[in-house]
Amino acid sequence: MNVSHASVHPVEEAPTTEGGGADQNVNAPRVRMKDIQGMPGTAGGLSLRVSQFVFAAAALSIMASTSDFPSVTAFCYLVAAAGLQAMWSFSLAITDVYALLVRRSLQNYRIVSLFTIGDGVTSTLTFAAACASAGITILIDNDLGNCSQNHCVQFETATGMAFICWFTTVPSFLLNFWSLASR
């Protein structure tokens, strides 16, 4: 029986049990035990990566469009974390597109380890930057009442985009970590 192993191998067509030819399995879906939607090399994983990239790029561009973000360290940290998250998600989205196009499984131990560590680091940085920016935004808006002189709407929007980016990064990390732990 031809099955895909837990490494980077082409997905092969499963043999039929009815004794018929290969024509009977042409439209049958290809299902592998380890491919849960959201993991690397799946359509769900690609959609998570694209959404991570979109929200990180939105947070980066909104925060960088304000003229006074460099004066606050937390906002600079948000720009750096969102930029790193956008580059990481974009590169993994390209990897997912490649794996889907050539029908390769990305369940190699080293690849999944790299993805897990990268997702863990970038999600932690993004969450910390979003929390720091939220704290400064609340300080400026509620405590100082200084929103008329600052870009509070842009700060709040960029912080919200960073939190949404983190919410889309956590499932990727958890699925990759679960895949490593279940070996």
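Modeller: Start with helices: these are DSSP runs of H or I, at least four residues long, while strands are E runs of at least two, and both are numbered from the N terminus. This is a predicted model, where local features need pLDDT of at least 70, side-chain atom pairs count only at pLDDT 80 or more, and totals for chains, interfaces and linings use all residues. Residues are numbered from 1 along each chain as its sequence is written, and side-chain values use heavy atoms, with hydrogens and water left out.

Colleague: Which residues does UniProt list for "transmembrane region"?

Modeller: UniProt positions follow the numbering used here, feature names are shortened, and annotations may be inferred rather than shown by experiment. The unreviewed entry lists 46-65, 77-102, 114-140 and 160-181.

Colleague: How much of residues 46-65 is helix, and how much strand?

Modeller: Residues 46-65 are 95% helix and 0% strand, with end C-alpha atoms 28 Å apart. Residues 77-102 are 96% helix and 0% strand, and their end C-alpha atoms lie 38 Å apart.

Colleague: Which side chains meet in a salt bridge?

Modeller: Side chains of opposite charge can pair when their charged atoms come close. The rule asks for a side-chain nitrogen of Lys or Arg within 4 Å of a carboxyl oxygen of Asp or Glu. The count is 1 salt bridge. Asp-119 and Arg-49 form it, at 2.7 Å from N to O. Asp-119 sits in helix 3 (residues 109-143) and Arg-49 in helix 1 (residues 43-64), 70 residues apart.

Colleague: Are Asp-119 and Arg-49 buried or exposed?

Modeller: Buried means under 20% relative accessible area, exposed over 50%, partly exposed in between (1.4 Å probe, protein chains only). Both Asp-119 and Arg-49 are buried.
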